[in-house]
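This report walks through a few features of one protein structure, taking one topic at a time. Please keep the sequence and the model in view while reading.

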Amino acid sequence: MSKRIKIFDTTLRDGEQSAGASMNIEQKLEVAKQLARLKVDVIEAGFAASSPGDFEAVKTIAEIVKGPIIASLCRCRDSDIDAAAEALKGAARPRIHTFIATSDIHVEKKFRKTREEILEMAVNAVRRAKGYYEDVEFSTEDASRTGVDYLCQVIEAVIDAGATTVNIPDTVGYAIPSEWGALIRQVFERVPNVGKATISIHCHNDLGLAVANSLAAVQAGAGQVECTINGIGERAGNAALEEIVMALKTRQDLFDVRTTVNTKEFYRASRLVSDVTGFTVQPNKAIVGRNAFSHEAGIHQDGVLKERTTYEIMDPSDVGWVGSGLVLGRRSGKHAFSERLKALGYELSQPDLEKAFARFKEIADKKKEVFDEDLEAIVADEMYTIPETYHLEYMNVMTSLEGVPTATIRLKSSDGELLDAGIGVGCVDAVYKTIDKLVNLPHTLIDYTVKSVTGGTDALGEVTVKLGDNGNNIYTGRGASLDIVEASAKAYIQAINKLVHYQSKRSQAGGPPTKAIL
Ligand code: KIV
Ligand code: ZN
């Protein structure tokens, strides 16, 4: 029987540490539910002590998502460990994951401590975590730059203190596969109690080697791999979960290991993480990129038509790839529309389906062909549950080569109709300035991105906007339309509606301002 490798997903913790990849609590819950469908072994739901928002996310996921182990990260500090334990109370299978850096550079320069002091902190933290739960993971941060003698000493001590998993991270993505595999082998050879814990690895991608290093560690005996969907994470990211699992599966002949991951959920997981973070997946990305299974050269197309395996080492359906499928158009009915959404992994409630179908019809009337990417943008656009304090009723934007862009906007609000006009340096600027005059709410525009969903000048444009308030909260809005100025207005209004909604929730609760991504 082949050895089982545990898959520890850290999309919601390390992945969310990617600059600009913040997710709100509802989005984190959606991702966690998808990770449970993927059947990963562990979901690292966040770092409970790092912010009230992270605490809430860990708590919510622990209470709602069943199946995988739910972990919270914490430093080797009593208050961190206590916060993780508290947030994990509702979990059926809680895990406290505590860590400290062990390399000389971190020990001396970051902590200004001795190795002995660090070892003591590690052991005390594991003992404290063990007082709460049986399942305790310890990570030796910056292990790839830690002397092997000290690394083995720390690992032995934390296992003696009760750690059930010891994770060895290549925190700065410095390792090379042969050397990394050799280090893991040494751990197995030199740590006397190594058999009492699962040895895990966690690789970053600074040199583009995160997946290769993870695979080398599996060959050296690691029993758990830490990774993220689409490889998102600090700096250049973490090892991509889908790439590791598919490499292990496709080259079973070489690795002789298995995972419990339901690979057919990869495509859906990848799209979801991309949608909620706003991080697009590059077309040539392995496993989940748009071009991962498309054959351009005539010789290749001919080969695949005769025998798929001539140019395909994996069956696209194994990763949940539903192909370009039938293209929908203005004559497509609700049945074809909902069947295509199901194939893409979306099960909408009846009211959401009605809303999305009405939107599809509107777009199909103007655009000859509606592709899968368009459908995904429509669904993302319509599944918006915050109350619409402001609704865009009318917008007229005028611009010319020499003229000043002008926007006239009418919003419907609970106080009645709001109408005004304004100018700007461009169309979007004119629209945003006019909306600002109408709603009169202090905020700052932190980020504005626009992307074309498919090719061609009739493509849907998708706009993501991030607004900040003076309490350091961030409100994300999205909008999709055939007209990017309209998409921009919709995204902006959605973010403003979130700002109004969450600010009024906070003032009703009488609580202090929090730092959160909403
Ligand atoms: O990269 C790293 O070292 C980490 C640890 C906290 C596991 O993310
Ligand atoms: Zn990391």
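In helix α3, which spans residues 78-87, the buried residues are D80, I81, A83, A84, A85 and A87, where buried means under 20% relative accessible area, exposed means over 50% and partly exposed lies in between, with a 1.4 Å probe and protein chains only. Helices (H or I, at least four residues) and strands (E, at least two) are DSSP runs, numbered from the N terminus. The buried residues of α3 pack against α2 (52-64), β4 (69-75), β5 (94-101) and α5 (115-132), and contact here means heavy atoms within 4.5 Å.

## Basis and confidence of the model

This is a predicted model, in which local features need pLDDT of at least 70 and side-chain atom pairs count only at pLDDT 80 or more, whereas totals for chains, interfaces and linings use all residues. Residues are numbered from 1 along each chain as its sequence is written, chains are lettered from A and ligands numbered from 1 in the order in which they are written, and side-chain values use heavy atoms, with hydrogens and water left out.

The pLDDT, the predictor's confidence in each residue from 0 to 100, averages 91 over the chain, and 95% of the residues score at least 70. Over residues 511-515 the pLDDT is below 50, although this stretch has twelve contacts in the model beyond near neighbours in sequence.

## Helices α6 and α7

Two packed helices are described by the angle between their axes and the distance between the axes. The axes of α6 (residues 148-161) and α7 (residues 177-190) come within 10 Å and cross at roughly 55°, the axes being lines fitted to C-alpha atoms, for helices over the stretch in contact, with angles from 0 to 180 degrees between N-to-C directions. The two helices are therefore oblique to each other, since angles under 35 degrees count as roughly parallel, over 145 as roughly antiparallel, 65 to 115 as roughly perpendicular and the rest as oblique.

On the α6 side the contact is made by V148, D149, L151, C152 and I155, and on the α7 side by L183, Q186, V187 and R190. I155 is buried, with a relative accessible area of 0%, and, leaving aside neighbours within four places in sequence, I155 is in contact with T140, V166, I168, V187 and V191. The C-alpha atoms of I155 and V166 are separated by 6.9 Å, although these residues are eleven apart along the chain.

## Cysteines

With a disulfide taken as a pair of cysteine sulfur atoms within 2.5 Å, the count comes to zero disulfides. The sulfur of C152 is too far for a bond, because the closest cysteine sulfur, in C203, is 17 Å away.
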